[in-house]
Amino acid sequence: MDGRLAYGGDYNPEQWPEHVWDEDVRLMREAGVNLVTVGVFGWARLEPSPGRFEFGWLDRVLDLLHRNGVYVDLATATASPPPWFSLRYPQSLPQTRDGVRLSPGSRQAYCPSSPAYRDACTQLVERLAQRYHDHPALALWHVNNEYGCHVAQCYCPTSAAAFRDWLRWRYATLESLNDAWATSFWSQHYGDWEEIGPPRATPTFTNPTHQLDFHRFSSAELLDCYRAEHDVLRRASPGTPVTTNLMAPAFKPLDYWTWAPELDLVSVDHYLQAEDEDNHVDLALAADLTRSLAGGAPWLLMEHSTSAVNWQPRNLAKQPGQMRRNSLQHVARGADSVMFFQWRASAGGAEKFHSAMVPHAGTDTRVWRDVVGLGANLAALTEVTGSRVVCETAIAWDWVSWWAGDLDAHPSSDLRYLDQVRAHHAALWRAGVTADLVHPAGDLSAYKLLLVPSLYLVGEEAAANVRDFVERGGTVVIGCFSGIVDEQDHVRLGGYPGAFTDLLGVRVEEFHPLAAGSSARLDDGSTGRVWSEHAHTTGAEIVARYGEGDLSGVPAITRNPVGGGAWYVGTCLDATSLDRLLARVCEEAGVRPVAPAPSGVEVVRRRGDDASYLFLINHSTIDATLPGSGRDLLSGTRHRGTLTVPAGEVVVILEEDG
Ligand code: GAL
């Protein structure tokens, strides 16, 4: 690319007659678009029948874009095999847990383990790479699309065989598999590998470690699909970065910690839950997670929406200014691009009511004017490109623990991992503290404070890592139902929270999950929800106790005075109580907000080599006045001492004392 923030979206010219393409590029120039993703669902047009390739239309599209100064993120088109492929290779169609073979007729109808699918992908990618590797418009390769979005796990016989191979690789012997899966329970002992299948629908709870291993396998299997395409591109198109668009924050099936290192550039799609009033906080979590996957480096926002989507129960249009706030919020948190699904709203097909940069109603529309305005804003922010967000606080995040923690037959179905991570991240958001997400066994050396919400499954390495972090002076806050099991989902015996009992100076003898809708009052005025437990301190100081009921007087919040302090919270504090606790913890850990700001105003800093940029995003309906000095890159206004961010507006300051 050209040192600018990338701006554009998915461009699907194959849905339109060619004369529309001329208008497309004219409008792209008008909006300042400089990058489009082409060909995501182009397989049927690129290979209309087996082995017969047609590239003429794509040649013309790429040439036209290049003549108009627009770079291309070229998709490998493997996200949706064409109908002829499914007819020819019916075994390539995916099968659900209930044994239903899915049919073609929508998209992503393939089994990730299908050799026919994988071969066909490799051939197509080989052709594309040979043809376009030196095209001047090519900036980036876009492998597949949102791997696992619709079919993350396949239960067909081909997948079953691949799963058995994977299990042989993981366990080597049936004996160790039987141990790991605790198959002496319920007469599940396996005497032959062939007896094992994917965790298909069973009469009641399926063996948990079997389920957990199928999650691991399924994530790895799709990663193999990505790798196969990536390898072709590396060989045939050296020098051009390769990505695939991840989904954040709530995409559970793929362990992106294992994926991210294989992406030359991390990219992500994020869609708001339109009816959630705090959806900008969820956006912040998505962006923080993506930046963390990128190891702090700038990343690409590959898709979001200009206004409504088409797949939620009620697809609300974005409010005036919301699309701009969303976009600049991603940039504030480290994105070097703002891209949308899609460039021009489709006239036909299942996504015809999804918003786009060019709406059905044309350019005399608010959406189009906002698209043009945003293009100008991003051009004004060019110097921000490449700068980074630096954090002192991290939240532990682990897909494997998410998979295991959310399995069935647990003490309370109300305790959901993502809810807990969201609650902790939201509390930091309200406090104005920017946080990274980090793998519990990852590098913690940059942080002063680590939050560990309900991390149910913890391996030895992660437990030692957290301990080491605290001993070196870091402060940790561990949430309830953490450290309970090892990597095989076996309970750590001797008292909860297993992996962390020594570190926390706490031993829990029994869980007391709360009845639906009820709460637990603590003697410091806090309120716990969902969970309580019978804990004893074995060295920790008691910060708060249960104030009523069977557990009255039992420790609920504790602090072990080791290293920088090891806090334990044995319930799910409500938002007000969590805010209060984290304010105290942050103060003690020396973590401060990016800048003091009124409620609803988000402040994030990006740092360049010799400049720093303060993003101030006012999500509230009240104008906000804050301390700050420097030039607003969007308006050109120079502020000295204080500045005002009008309701719903965004200000980006090139800081004077950066
Ligand atoms: C994404 C997908 C796009 C489009 C979009 C609609 O999941 O990558 O192709 O379907 O959602 O919101």
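User: Before we look at two helices together, what do their axes and angles refer to here?

Analyst: Happy to start there! Angles run from 0 to 180 degrees between N-to-C directions. The axes themselves are lines fitted to C-alpha atoms, for helices over the stretch in contact.

User: Thanks! At what angle do the axes of helix α10 and helix α14 cross?

Analyst: Keep in mind that this is a predicted model. Helix α10 covers residues 279-293 and helix α14 covers residues 417-431. Their axes come within 10 Å, and the crossing angle is roughly 100°.

User: Are α10 and α14 roughly parallel or roughly perpendicular to each other?

Analyst: Angles from 65 to 115 degrees count as roughly perpendicular. The axes cross at roughly 100°, so α10 and α14 are roughly perpendicular.

User: Which residues of α14 make the contact with α10?

Analyst: On the α10 side, the contact is made by H280, V281, D282, A284, L285 and D288. By class, the contact has six nonpolar, two polar and three charged residues. The α14 side contributes V421, R422, H425, A426 and W429.

User: Is T290 buried or exposed?

Analyst: T290 is found in helix α10. Leaving aside neighbours within four places in sequence, T290 is in contact with A248, V266, V268 and W299. Buried means under 20% relative accessible area. T290 has 0% relative accessibility, so this residue counts as buried.

User: And what is the relative accessible area of R638?

Analyst: R638 is found in strand β26, residues 638-639. Setting aside neighbours within four places in sequence, R638 is in contact with G630, R631 and E656. R638 is partly exposed, with a relative accessible area of 43%.

User: How far apart in space are R638 and C391?

Analyst: In sequence, R638 and C391 are 247 residues apart. From C-alpha to C-alpha, the distance in space is 27 Å.

User: Stepping back, what is the radius of gyration of the protein?

Analyst: The protein has 17 helices and 28 strands. For 658 residues the globule rule gives 26 Å, and the protein is close to that, so it is as compact as a globular protein of that length. Its C-alpha trace spans about 75 × 75 × 40 Å along the principal axes. The radius of gyration is 26 Å.

User: One more: what share of the residues count as buried?

Analyst: The protein exposes about 25300 Å², with carbon and sulfur atoms supplying 49% of that area. Of its 658 residues, the share that count as buried is 59%.

Notes: Residues numbered from 1 in each chain as written. Predicted model: local features only at pLDDT ≥ 70, side-chain atom pairs only at ≥ 80, totals over all residues. Heavy atoms only, no water. Helix = DSSP H or I, 4+ residues; strand = E, 2+ residues; numbered from the N terminus. Parallel < 35°, antiparallel > 145°, perpendicular 65-115°, else oblique. Contact = heavy atoms within 4.5 Å. Nonpolar A, V, L, I, M, F, W, Y, C, P; charged D, E, K, R; others polar. Rg over C-alpha atoms; globule rule 2.2 N^0.38 Å. Buried < 20%, exposed > 50% of the residue type's maximum accessible area, 1.4 Å probe, protein only. Areas by Shrake-Rupley, 256 points an atom, 1.4 Å probe, with all protein chains shown as cover.
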